[in-house]
Amino acid sequence: MHDISPRRFNSRLGMALFALYLVFYLGFVLVSAFAADWMEATVLGGLNLAIVYGFGLILLAFVLAMIYGWGCRSDEEPRA
Amino acid sequence: MIYEPSWLAVVVFMAFVVGTVGLSFYLGSRAQSSEGYFAAHGQIPWFINGVAFAGDYLSAASFLGICGMIAAYGYDGFLYSIGYLAGWIVALFVIAEPMKRLGKFTFADALDAQFNSRGIKLAAGISTLAVSVFYLIPQMVGAGVLIQPLLGFPHWVGVVLVGVVVMMIVVTAGMVSTTWVQFLKGSLLVVFSFVLVVMVLARGLSTEEVNSLEVLGPMAPPSAGADSIAGRRVVAAESGWEETPQFIRLESEAGAGYDVFVIDPVGEESEQVYLREGQALTTAADKSLWVGGVPLGTGPDERQLQPVGSVTELPGGAEATGPLGPLEYLTTLQESEVTLWGSQPVRHPDGGVTMVYYPKPTPGSQVLRPGEHPTFAGIRSGNTLDRVNFLSLMFALFCGTASLPHILIRYYTVKDAAAARKSTIVGIASIGFFYVLTLYLGLGAMTSGALDVTTNNMAAPLLARSLSQWLFAIISAIAFTTVLGTVSGLILASSGAVAHDLLSGFMGIELTGGQQVRVAKIAAMVVGVIAIVLGILFKELNVSYLVGWAFSVAASANLPALVMLLFWKRTTRQGIIASVVVGMVSSLGWILLSADTFQKVYGLPADQAWAPFSQPGIVTIPLAFATLIVVSLMTPKPKEVGAEY
C-alpha cells in the first residue's frame, strides 16, 4: 500500500469488491439453474432462500458500493 | 378489460409534459456549445446525476414489465430485477472512472481515446445506433400500448406524443434538459412506488371475492357426453372446442352465451374434481370481440372480462390479515394459496380464436421461487440447454448494463472521476431500492383483485387503482413519463453517434462545435421520426423482448472491447474493431436464428430454429473477447499506451 497511486489503489479495491460480488452472483445463478429446489428451503425468519438470497444480492450491491465510495482515495487534481 | 380513461391522469401527465418542455426551453440557452449539448458542460452535480441514472435506466420495461411478470408468475420477474441491478456492479467497479477519464462525448470516444482510428469510430458508432434503436422500439410501442387504457387516446397518439415531446426536450437543451427530465422521472418513480408499497403493506392480504366467477364441486368427473352439470345445460364441444377436453362450457345463467369452466382434480387421493370458472375472449374471423359467446361491451346484452387476482386461502383460515410488515407480508404469502391465471387458445375452423383464461390455485411457496414463467421453467425440467439459456440470460444482464451507450454517456456529465463514482453509488442505491419495491408491487398486484387477464403490463397501474383513483392517475402519468426519460437518453445517445462519431469522426467532415450541435439536433429529429414510425409499425408485435436483444448486443459488441482496452496493454486498434464487429454480428445473427424470434417475429415453429437456445450472451460475449485477443496478437503492438491501466 506504500508507493501506489490513488488511481491504482482505487482500481484494485474496485476489482476486489467486484470479485466478491461476482462470487455471490454466480452462486445465485448456479443454484437457480442447477438446484432450483434449494430455493424453496426456508432459511431465515420463515423466508425462503430465493427471497433471502435475492434481497441479499441487492443489499450486498449497496453495501459494497458504500465501502468503495468510502474507501476510495482522492485522485483528482483541483481544477481551475 | 374495458378501461375508463382517467381525466385526472391526463391532467397530471400534461402538467408533467408542460413542466419538462418549459424547463427545456429555459435551459436551452445553456447548451449551445457541443460540450453543453452532449455533456451538459460536465457540470451536473453527482447526486442529481445519480438519480438521473435511475431515470435513464428504469424504463417502461422495468416498471411495467417486471411488475407485470411478478404479478402473473411470481418470483421469476424478480430474477430480472436482480440481473439488472447486478450489472451496475460492473459499471461502478470496472467502467465508471476510466470511462470518465478516457472519453468526451460518446462511447466511441472512450474506445478510440488512444488510437484515433476512423474504423473504431465507425464500428462503435454503428453499435451505439443498433443498441439504441432496439431499445427505442419497445419504449415507443409501450407508449402507444399504455396511452389507450390510461389516457383514452389511440395507439398512434401515444407514440407521436412521446416522440414529439422527447424531440423538443433533446433539441432544446440536449444533455442538460435530458438530465433534469431523467432526474424528475427517477425521483417520482421511486417515491411513488414507495408510497404504493406502503399502502399495499397497510392493506395486507385478504380472501375477499374480487369477481363473480364460480367454483362448482367437488363432484365426480363429468362424463364425455353429459347433457347437464349441476343443473345447467352443457354446450356441445364442437368447432375447435373438442380439442380441449379440459374445458367445459355451461349455458350462462344470465341468458345468452356461455360460461367456461376448467376441470381441476381435487387432489391425488380423490377421484373428484372441481369445475373452476374461467373467462373466454373470442376474436372472430372478422376481428370482432366476444366474451363467453356474447359481444364484448358494457351494454345490457354484452359482457366484459372480470378483474382477477386474489388470495384464496390465508394461513389459519383467516379472512384478512390487516397491516403487515415487509417481511411478514412475504412469510404470510408463502403460507397462503393464491390464484394465478393460465391461458390456452382454442382455434376455430372459421379462422377465429378463443383465448380461454383459467384459474390455477397455487401455493404461495411456489409463487416465491424461481421457475414458474415459461422462459424459466427449463431450470426445473432438467433440460441442459434450458439451463444454459438461463445462465446466458443472467450473464447478458450482468454484462449488458455497463455497455449501454445511453447509460455510458451519463458519465461525461459530471466533473471528474470521483463524481462519476459517487453518482454511480447514488444510482445503485435508488435503482436497488426500486427493484426491492418491484417485488412488493408485483405481489401486491397479484393479490389486488384488479388484474387484467389479457395483459399483465397493466399490473402496476391497476394495483394503484385498487387503492385510490388519485394514485391511479399519478402512477399512470408516471408510467408514461417513464417512457419520456428513457427515450430522451436513447435519442441523445443516437444523435451523438451520428454527429460526433460517424459524420465528424469517421467521414472526417470538419465541424465546429456549433455545427456539430446543429447536426446532432437534426440527427435527433431524424432518429425521433424513425422511432415514431417504428413505434407505429410494430404496434401489433409483442416487442418487450427487444430490450433483451439490446442487452445481449450491447454486452457482446461493447463490453469486451471496453474491458480489454482498460486491462490489457497489448490491445490493438484492429483487435477493438474486430471485437465490436464480431460481437455485434454474432449476437444479432444468433438472435435472428433463435427459437424466440422464429416464434414471435416470423411466426414459424420454434423447433425449426437454428440456434440451440435463445439467449446468445454466453457464447457471443466470450467470442468477442477471444476475437479481440487473437486479432490483437496478430497485429503490431500499439506504440504508446495512454492510460495507466
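Mentor: Gladly; we will take the domains and their interface term by term. This is a predicted model, where local features need pLDDT of at least 70, side-chain atom pairs count only at pLDDT 80 or more, and totals for chains, interfaces and linings use all residues. Residues are numbered from 1 along each chain as its sequence is written, chains are lettered from A and ligands numbered from 1 in the order in which they are written, and side-chain values use heavy atoms, with hydrogens and water left out.

Trainee: What makes up domain 1 and domain 2 of chain B?

Mentor: Domain 1 of chain B covers 45-204 + 383-634, and domain 2 covers 215-381; such bounds come from an automatic or database domain assignment.

Trainee: How do you know that these domains of chain B are in contact?

Mentor: Contact means heavy atoms within 4.5 Å, and 31 residues of domain 1 of chain B meet 35 residues of domain 2 that way, so the term applies.

Trainee: What is the area that domain 1 and domain 2 of chain B bury between them?

Mentor: About 2700 Å², 68% of it on carbon and sulfur atoms. Buried area is the accessible area (1.4 Å probe) that two parts lose on being put together, summed over both. In domain 1, B:Y73, B:L201 and B:V453 lose the most area to domain 2, together 22% of what that side buries.
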